[in-house]
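The sequence and structure come first, and the notes follow by topic.

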Amino acid sequence: MSDSDATRVAPLWSIALLVLGLVLMLAGAVPLAAVCFIVLSARHWLAGEQRKAWGVALLSGATATVMMFSLTQGVFYVAATSMGCLLGALMERNWSYGRRFAVLSGLASSLVAVVMAVTWKQLRKDTTIFMNARIAEFEAQGDASEQWLEMFRWYDVNYAYIGFGSVVASVLLLVAFLLCVVDRSQRSVSERPRRTTGFQRMRLPDWMVWVAIAVALMWMADYRWPNDLLRVISWNAAIIVTCVYWLNGLAILLYTLTILKATALASFVIISGMILFGLMHLLGLVGLFDTWCNFRIRVRRVAMLRSVAYRSEDPD
C-alpha cells in the first residue's frame, strides 16, 4: 500500500475511531477513549494532515467539556490527544520504539500524576465508595469468598500506597498497545509478515537494574522501619518497575516466537498455556535477567543454528 493509498483510507479511519472514541467517552472508559483519539490524531499527522491532527485534539476536548459537563475532562482530553501529534512527529523522525515509549509513557504518567494530585480527595472518596459497594454486592450473594472481601478491603486501606503505581502500570500497558497499533497501521502490505516489530526489539537500558535494586532496598527498609512516606514511594515504584520488566519479558517472548517462526496456532497455544497455568508473571523475571543474559542474541543464535542444520540436511 502506497502513502497515497494510506491517505485515501484516512476518512474511513477517522469516522470509525471518532465514533468509537465518543462511545467510549460516554461509557466512562476514559483511557480507551483517549487511545482512540490519540491513534486518530497520529494517523492524520502521518498522512500529512497536521491541522486535522490538532483538530482532533480540540474536538475531543470540546466534546468532553460539553458531554461530561466538566472543563477538567476537556483539558485532559486535549492534553491526551495532543500526544498523538507528538507521536506522529517522533515517527517522522524515525525514533525507535523504545524512545517513543519512554517519551509518551513519561508524559502520560506525568499527566496522570497531576490529575490524581488535583483530585486526590475526591478520588480517595470514590475509591472507598466503589470498594464498599463491591463488598456489599458480594455479601448480598451469600456465597462470597472471604478472600475476595479481604482483597477489596486491603485495596481500599492501602490505596495511597498502590493507587498511583497501579494507574501508571495501566498507562504503560496502554502506551505499549497504542504504539503497536500505530506501527501496525503504518506497515506496508508488501512487508514480510514475520518481521519482528519495534516492541519485540525494544530492550531496557542496563541502568534500569539499579532502579530495581534501589526500589528493593527501599522496600526492605520500610519492612524493617515502617514509614508512611517510604511506603508510598517504595510500593508504588515497585509496581511500576515490575510492569516495565514484565513488558520487556513479553517482548522477549513474542520476539522468540517470531524469530523461531512459530505458527499462529503454536503461539496461541503457548501464550494460552502460560495464562491458564498462571505463568505470565514469570515474564517479569525474564525481563529482569535479560539485563545480564540478553536473551534476544541467544534466540538469534539458536535460529541461525537451526537454519544451518536445515540447509545441511537438504539433499539439493
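A pocket here is an open set of grid points, on a 1 Å grid over the protein atoms alone, with protein on both sides within 12 Å along at least five of seven lines, and its lining residues have an atom within 4 Å of a point. The model to which this is applied is predicted.

**Largest pocket**

- The largest pocket holds about 1,000 Å³ of space, and of the 34 residues that line it, Val 30, Pro 31, Phe 76, Val 112 and Val 115 lie nearest its centre.
- Two or more lining residues come from each of α3 (30-46), α5, α6, α7 (120-141) and α9 (159-186), with α6 giving the largest share, 8 residues.
- By class, this lining consists of 26 nonpolar, 7 polar and 1 charged residues.

**Helices α5 and α6**

- The axes of α5 (residues 71-92) and α6 (residues 97-118) come within 10 Å and cross at roughly 170°, which means that α5 is roughly antiparallel to α6.
- Residues making this contact include Phe 76, Met 83 and Leu 90 of α5, together with Arg 100, Leu 107 and Val 115 of α6.
- The contact of α5 with α6 divides into 14 nonpolar residues, no polar ones and 1 charged.

**Largest cavity**

- The count comes to 1 cavity of 30 Å³ or more, and the largest cavity has a volume of about 30 Å³.
- Its lining is formed by Arg 203, Leu 204, Pro 205, Asp 206, Asn 248, Gly 287, Asp 290 and Thr 291, a set that divides into 2 nonpolar, 3 polar and 3 charged residues.
- Helix α14 (residues 282-293) provides the largest share of the lining of the largest cavity, 3 residues.

Key. Residues numbered from 1 in each chain as written. Predicted model: local features only at pLDDT ≥ 70, side-chain atom pairs only at ≥ 80, totals over all residues. Heavy atoms only, no water. 1 Å grid on protein atoms, 1.4 Å probe; cavity = no way out; pocket = protein on both sides within 12 Å on 5 of 7 lines; lining within 4 Å. Points joined across faces, edges and corners; volume = space filled by probe spheres on them. Helix = DSSP H or I, 4+ residues; strand = E, 2+ residues; numbered from the N terminus. Nonpolar A, V, L, I, M, F, W, Y, C, P; charged D, E, K, R; others polar. Axes fitted to C-alpha atoms, helices over the stretch in contact; angles between N-to-C directions. Parallel < 35°, antiparallel > 145°, perpendicular 65-115°, else oblique. Contact = heavy atoms within 4.5 Å.
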